[in-house]
Amino acid sequence: MKYKRILLKLSGEALMGERQYGIDPKRLAEYADEIKQIHNKGVEIAIVIGGGNIFRGVAGASNGMDRVQGDYMGMLATVINGMALQGALEEAGMPTRLQTALKIEAIAEPYIKRKATRHLEKGRIVIFGAGTGNPYFTTDTAAVLRGIEINADVILKGTRVDGVYTADPEKDANAVKFDFISFEDVLAKGLNVMDTTAFTLSQENKLPIIVFDMNKEGNLLKVCEGQTVGTTVTI
């Protein structure tokens, strides 16, 4: 396997499957199967998942809600998704730990870097919930931050799009996909990979990002094997 330790970033919206909101158990089971393939190969796996299928702080703020309050609600949504994913992974026979940036001792461990690293070394999948624990930061930023802290080899951003394009491929039929692109070119071309804070943090710490279609069977394994799937953003 090309990558020994990964940070997998999943969107909350992806858990909706074909639904309009909430969590689709079928999609959870599919993700668990994909993750099990690389877990069986010895890859150390940490996961950050968004909460947009339940609540998005920015959307709440645009409707008149206090931004800070809305962001904390979004953090709690990521914990709900983390619990759901944890259940699916354990149902598939994988050991897991859920750690949160906000203290919720009844359901999760508080985030402690050394403890998280030790879990990974023992083959446990670690799910990081509640983002960074601070308002105004996205789960993209949380994913990069945790990836740096645990010394991940790469950030794998699993989306419904199979990479980075010159334009939105769902809106522009002429959009061209990049197999490889540098951080500098992403910024120069104004392409959307992650939010600016997350992207800059990744660039400064020389942590590559791979954007790929998580919903295509076998893609996660191919990425970890080093096959050219999706788009790789490198220094």
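Tyr-165 is buried, with a relative accessible area of 17% (buried means under 20% relative accessible area, exposed over 50% and partly exposed in between, with a 1.4 Å probe and protein chains only). The model is predicted, so local features need pLDDT of at least 70 and side-chain atom pairs count only at pLDDT 80 or more, while totals for chains, interfaces and linings use all residues. Residues are numbered from 1 along each chain as its sequence is written, and side-chain values use heavy atoms, with hydrogens and water left out.

**Tyr-165**
- Tyr-165 lies in strand β7 (residues 164–165); helices (H or I, at least four residues) and strands (E, at least two) are DSSP runs numbered from the N terminus.
- Leaving aside residues up to four places away in sequence, Tyr-165 touches Ala-175, Val-176, Lys-177, Phe-178 and Leu-191, where contact means heavy atoms within 4.5 Å.
- The side chains of Tyr-165 and Asp-162 are joined by a polar contact of 2.6 Å (a pair of N or O atoms within 3.5 Å; within protein, one must be able to donate a hydrogen and the other to accept it, and residues adjacent in sequence count only if both atoms are side-chain atoms).

**Annotated binding site**
- An unreviewed UniProt entry lists Lys-9, Leu-10, Ser-11, Gly-12, Gly-52, Arg-56, Thr-159, Tyr-165 and Asp-168 under "binding site"; positions follow the numbering used here, feature names are shortened, and annotations may be inferred rather than shown by experiment.
- These residues are spread over 160 residues of sequence and also in space, up to 25.2 Å between C-alpha atoms.
- Gly-52 is placed in the loop between β2 and α2 (57–62).
- Gly-52 is partly exposed, with a relative accessible area of 28%.
- Not counting residues up to four places away in sequence, Gly-52 touches Gly-12 and Glu-13.

**Sheet and packed helices**
- An open sheet of 9 strands runs in the order β4-β3-β5-β2-β1-β6-β10-β11-β9, with mixed pairing; two strands pair if DSSP finds at least two bridges between them.
- β4 (109–110) and β9 (180–182) each have a single partner strand and stand at the edges, so one side of each is left without a neighbour in the sheet.
- Helix α1 (residues 25–39) packs on the sheet, touching β1 (5–10), β2 (44–49) and β5 (125–129), and its direction makes about 150 degrees with that of β2; axes are lines fitted to C-alpha atoms, for helices over the stretch in contact, and angles run from 0 to 180 degrees between N-to-C directions.
- Helix α5 (residues 139–149) also packs on the sheet, touching β1, β2, β5 and β6 (154–159), with its direction at about 175 degrees to that of β1.
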